[in-house]
Amino acid sequence: MSAAARRRRPLVALAAAVTATAATAGVMLLTETDEGSSADGRRQKPPPSTTEITRTDLVQSKTVDGRLDYAQRRVVKSAVEGTVTKAAEPGRTVSLGQRLYERDARPVVLLYGPTPMFRAMKAGDRGPDVLQLERNLRDLGFGSRLYVDVRFDQATEAAVKEWQKSLGMDDANGQVGKGDVVFQRGPVRVVAADAALADAIGPEKPVLTVASTKPVVRASLEQADRALATLGTKVEVALPGKGTARGKVSGTVTPEDSESAEGGAATGSRDASANGGVEVEITLDGGTQLTPKDEQGTLSVKFVSESRKDVLTVPVEAVVALREGGYGLEVIRGTGTHLVPVETGLTADGRIEVSGAGLAEGMKVGAAEQ
């Protein structure tokens, strides 16, 4: 047995020393030396199978199915009891001053602001909700004499009457009923109409489910892949006919956050939770343009857990384990080979990152036959 052969461990003795990366990659373990090796580790003829060292990017990833959705789902309830006389329209985007639905033949209108509608507003009232109302009236173009402050005065009342008449309300009395307005922070997308035409509604019953107009992608990960749910994990989403959109994990989703249009939890979220997995929400990078058609069907979602740019790589079958520990490559030189120690790195798609003295792109190395 040559000196080079004595440097390589037998398979059984070496098994415990193989690192996790190399073991997963399927590193070739040499247990005996081919005939014809010289004392300096060079073989008289190249191995039966060879490959090249290449320079490329390595990406360790996991691809799962996903679906298009919208962020910040929440239910909207009626502050007062009544009957739905015009139901919400799923899929519709509602903006400032537009109707969400109708209760008792009265429009329920979307206005902007962080303070919820917690009372009826009339002349003489003061507070942040009055300030919020006046800002909306101003932005909608009502109240030429309106001064925006925290007081509901005569100018505010006149602006409210003008606004109510524009909505076709017969009782334009200048007062804003507790159930006449829904405040949200901006435009909303109607995800579901939870109350149908003629349904009774009230403070305990959802009328509709809304979300922001910002598109997101939801995908379910298994228990073993929960690490990919970390905030900021990079993601690539294949969009039908539009190439690839990039994004990042922006949060996790509970089953109650993923209610379907029929009112139940989304199947993907239920299955993920039942199996110890998790459903994640992915925010796409700015500039991604989506249409309602993109909501149909399944998207391919690739989670990028780790990557290396512009590194030397070989097929995992080309790496051999050295007797004294570590790994090497059988670099082909002329008609023989020379064993070169290497450091191994990321493994992805059957290739492994390698580095070492004298290694260069294009070098031929031995590889185990498949």
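For this tour, Ala, Val, Leu, Ile, Met, Phe, Trp, Tyr, Cys and Pro count as nonpolar, Asp, Glu, Lys and Arg as charged, and the others, Gly among them, as polar. The model is predicted, so local features need pLDDT of at least 70 and side-chain atom pairs count only at pLDDT 80 or more, whereas totals for chains, interfaces and linings use all residues. Residues are numbered from 1 along each chain as its sequence is written, and side-chain values use heavy atoms, with hydrogens and water left out.

**First stop: the cavity**

Select R106, P107, V109, W163, Q164, L167, M169, Q175, V176, G177 and D180, which line the largest cavity. A cavity is a set of points, on a 1 Å grid over the protein atoms alone, where a 1.4 Å probe fits but cannot get out, and lining residues have an atom within 4 Å of a point. The elements giving two or more residues to this lining are β7 (106–112) and α5 (154–166), and β7 supplies the largest share, three residues. By class, the lining has six nonpolar, three polar and two charged residues.

**Second stop: K62**

Move to K62 in strand β2 (residues 54–70); strands here are DSSP runs of E with at least two residues, helices runs of H or I with at least four, each numbered from the N terminus. K62 is partly exposed, with a relative accessible area of 30%, where buried means under 20%, exposed over 50% and partly exposed in between, using a 1.4 Å probe and protein chains only. Show D225 next, because a polar contact of 3.3 Å joins its side chain to that of K62, a polar contact being a pair of N or O atoms within 3.5 Å, of which, within protein, one must be able to donate a hydrogen and the other to accept it, and residues adjacent in sequence count only if both atoms are side-chain atoms. F303 is 241 residues from K62 in sequence, yet their C-alpha atoms are 5.2 Å apart.

D125 sits in the loop between β7 and α4 (128–140) and counts as buried at 13% relative accessibility. A polar atom of the D125 side chain lies 2.9 Å from the backbone nitrogen of K122. Leaving aside residues up to four places away in sequence, D125 touches R119, A120, V130, V150, R151 and F152, contact meaning heavy atoms within 4.5 Å.

**Last stop: a sheet**

Finally, display the open sheet of four strands, in the order β3-β11-β9-β5 with antiparallel pairing; two strands pair if DSSP finds at least two bridges between them. Its edge strands are β3 (74–77) and β5 (93–94).

Terms used
On a 1 Å grid over the protein atoms alone, a cavity is a set of points where a 1.4 Å probe fits but cannot get out, and a pocket is an open set with protein on both sides within 12 Å along at least five of seven lines; lining residues have an atom within 4 Å of a point.
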